[in-house]
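Dear colleague,

I am passing on the structure we spoke about, and below it I have written down what was found in it. Please read the notes with the structure open beside them.

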Amino acid sequence: MLLFRSEEHIDRWCEQWRRPRGGVMTLEQQWGMAIGWYAENRGDPSWRRKTVEEAEALFAELGLTGEFWRLR
Amino acid sequence: MTPSLTPLAIDVRRVVYDLVLATGRIPDSAELAHITGASREEVRAALRELEEAHMLVLQRGSGEVLMAMPFSAVPTPFVVDAGGVRAWGNCIWDALGIPIMMGRDAVIETGCGCCGTLMVLHVRGGDLREREGIVHFGVPARSWWEDVVFT
């Protein structure tokens with residue numbers, strides 16, 4: 001996951017590396033995703049990974065819907 | 001579903017995160033063996049267990065930790081300075097996750113994925129100051145773990 005200055009820079013990168021355009025989100029959405037994903041100390045013995053349902057719910061809450069963001 | 005882990009794997013994970021959260025540096029298997037009192041072979045088996053559970057990513061060949069998400073054991077273009085503790089994120093998502101998990105303010109330096117222009121982000125009091133910039137995910141969500149290093 002890379003940060004770009006603009007949509008135009010993403011298009012240029014995709015063209016340069018001959019990669020299809022994937023999923024795009026604002027920096028604000030990415031910040032929300034980081035909070036949702038990394039707020040817990042993963043060293044805590046009781047920590048567990050998010051379930052598929054929990055992860056998809058987080059994506060949906062951030063407005064990340066559609067085939068690209070589906071986990072199953 | 002997350003598989004159940006052995007007590008040593010849980011302890012190794014705790015030590016990895018205790019150290020990386022305090023220093024920004026991911027410990028190697030020798031240090032983990034010293035701290036946990038287990039043998040290096042036992043620690044390596046615990047690390048493999050944690051990788052199979054998608055909780056860590058190991059370096060191919062050496063079996064040492066490559067990623068204890070959101071931290072990277074090796075230099076990346078996502079440099080985080082959290083109150084003097086320097087660390088590397090695996091990607092922009094992880095770079096933002098480091099100050100969140102550490103509970104610290106931070107300055108994140110990266111470059112535009114296309115042109116390399118320096119982009120500096122500031123986390124202060126639990127908020128991200130900047131709003132400019134856009135993130136691209138090259139791999140669909142359901143395939144992230146197929147090649148997590150590429151992802």
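Helix α2 of chain A (residues 27-38) and α4(B) have axes that come within 8 Å and cross at roughly 55°, and the two are therefore oblique to each other; oblique covers whatever is left once angles under 35 degrees are called roughly parallel, over 145 roughly antiparallel and 65 to 115 roughly perpendicular. In this contact (C-beta atoms, placed from the backbone, within 7 Å), residues of α2(A) including A:Trp31, A:Ile35 and A:Tyr38 meet residues of α4(B), among them B:Trp93, B:Leu96 and B:Ile100. The residues of this contact divide into 11 nonpolar, 2 polar and no charged, where nonpolar stands for Ala, Val, Leu, Ile, Met, Phe, Trp, Tyr, Cys and Pro, charged for Asp, Glu, Lys and Arg, and polar for the others, Gly among them.

This is a predicted model, in which local features need pLDDT of at least 70 and side-chain atom pairs count only at pLDDT 80 or more, while totals for chains, interfaces and linings use all residues. Residues are numbered from 1 along each chain as its sequence is written, and chains are lettered from A and ligands numbered from 1 in the order in which they are written.

Within chain B, the axes of α1(B) and α2(B) come within 10 Å and cross at roughly 110°, which makes α1(B) roughly perpendicular to α2(B). Here B:Leu8, B:Asp11, B:Val12 and B:Val15 of α1(B) meet B:Leu32, B:Ile35 and B:Thr36 of α2(B), a contact with 5 nonpolar, 1 polar and 1 charged residues. After α1(B) comes B:Gly24, whose phi is positive, near 85°.

Best wishes

Note on methods:
Helices (H or I, at least four residues) and strands (E, at least two) are DSSP runs, numbered from the N terminus. Axes are lines fitted to C-alpha atoms, for helices over the stretch in contact, and angles run from 0 to 180 degrees between N-to-C directions. Two residues are in contact if their C-beta atoms, placed from the backbone, lie within 7 Å.
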